[in-house]
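Colleague: I would like to go through this model feature by feature. Please give the general rule each time, then the case at hand.

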Amino acid sequence: MTAYLWNPPAVQSLPVYGEEKRLPINRLFFVGRNYHAHAVEMGRPVDKSVERPFYFTKAPQTLLDSGATMTYPPETANFHFEMELVVAIGAPAFRVSQEDAHKAIYGYACGLDMTRRDLQLVARDKGRPWDLGKDIEQGSVCSEIVPMPGVVIDSGEIALEVNGQTQQKSDVNKLIWNVREIIADLSLFYHLQPGDLIYTGTPEGVGPVLAGDKITGHVAGVGEIALTIGAAE
Ligand code: MN
């Protein structure tokens, strides 16, 4: 048995619908600008005929279970929600074709890609990494994983409310790069592993939240998610 100087960090995990065992998390991948209307509201329209998808990552330690209250994060005055469909990888995948991409799918979840929008936009406009805007402690919220091995989801309402008022409402069929395309493309860069999560991008309507706000959201056929914003430290 390996001896460590102190206890190693805990394995990050999520609950699984219908299972007592939790799903151990490996990595968190996020697709940027994957709905046209959101790309436009960010001032960066996407032309799929000449562009490829792009990605950023967050540390697995940023995961937070649905239903939790998160601390309003430090060093931001414009903290945004982004409602997303999350794909859970269940089998190794490297350079997989779109036709075979479904074999890597374990299941799906609802996710919130919480964002320090002020810092993200500064980073974007200065050509700096997005980490301070995106890689936020408690900022990768995820519902339970719903097992759907080999199933490709390509439609279904995706929506988010703040304090009961609808802010985002779209359909997964509006993804610029769909689930098969994302898995195939991402697998060109990474050896995808069981426990990798892919947040597939957010539709239009993103906006700020403040302490005391309650976020709810759903993806039809997958489930629901909830988050309460707590006071800043
Ligand atoms: Mn996002």
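Modeller: Take helix 4 to begin with: it is mostly covered, with seven of its eight residues buried. Buried means under 20% relative accessible area, exposed over 50%, and partly exposed in between (1.4 Å probe, protein chains only). Helices (H or I, at least four residues) and strands (E, at least two) are DSSP runs, numbered from the N terminus. This is a predicted model, in which local features need pLDDT of at least 70 and side-chain atom pairs count only at pLDDT 80 or more, while totals for chains, interfaces and linings use all residues. Residues are numbered from 1 along each chain as its sequence is written, and side-chain values use heavy atoms, with hydrogens and water left out.

Colleague: What covers the buried residues of helix 4?

Modeller: Contact means heavy atoms within 4.5 Å. The cover includes strand 3 (28-31), strand 4 (55-58), strand 8, strand 9 and strand 15. Among the buried residues are Ile182, Ile183 and Asp185.

Colleague: Which residue caps the N-terminal end of helix 4?

Modeller: A polar contact is a pair of N or O atoms within 3.5 Å; within protein, one must be able to donate a hydrogen and the other to accept it, and residues adjacent in sequence count only if both atoms are side-chain atoms. Here the cap is Asn178, with a side-chain oxygen 3.2 Å from the backbone nitrogen of Arg180.

Colleague: How many salt bridges does the structure hold?

Modeller: Side chains of opposite charge can pair when their charged atoms come close. The criterion is a side-chain nitrogen of Lys or Arg within 4 Å of a carboxyl oxygen of Asp or Glu. The structure holds twelve. One of them joins Arg52 and Asp185 at 2.9 Å, N to O. Arg52 lies in the loop between helix 1 and strand 4 and Asp185 in helix 4, so this pair ties together parts 133 residues apart in sequence. Asp185 is buried, at 10% relative accessible area.

Colleague: Which salt bridge does Asp113 form with Lys134?

Modeller: Their side chains meet at 2.9 Å, N to O. Lys134 is in helix 3 (residues 131-134) and Asp113 in strand 9, 21 residues apart. Salt bridges with shared partners join Lys58, Glu82, Asp113, Arg117 and Lys134 into one network.
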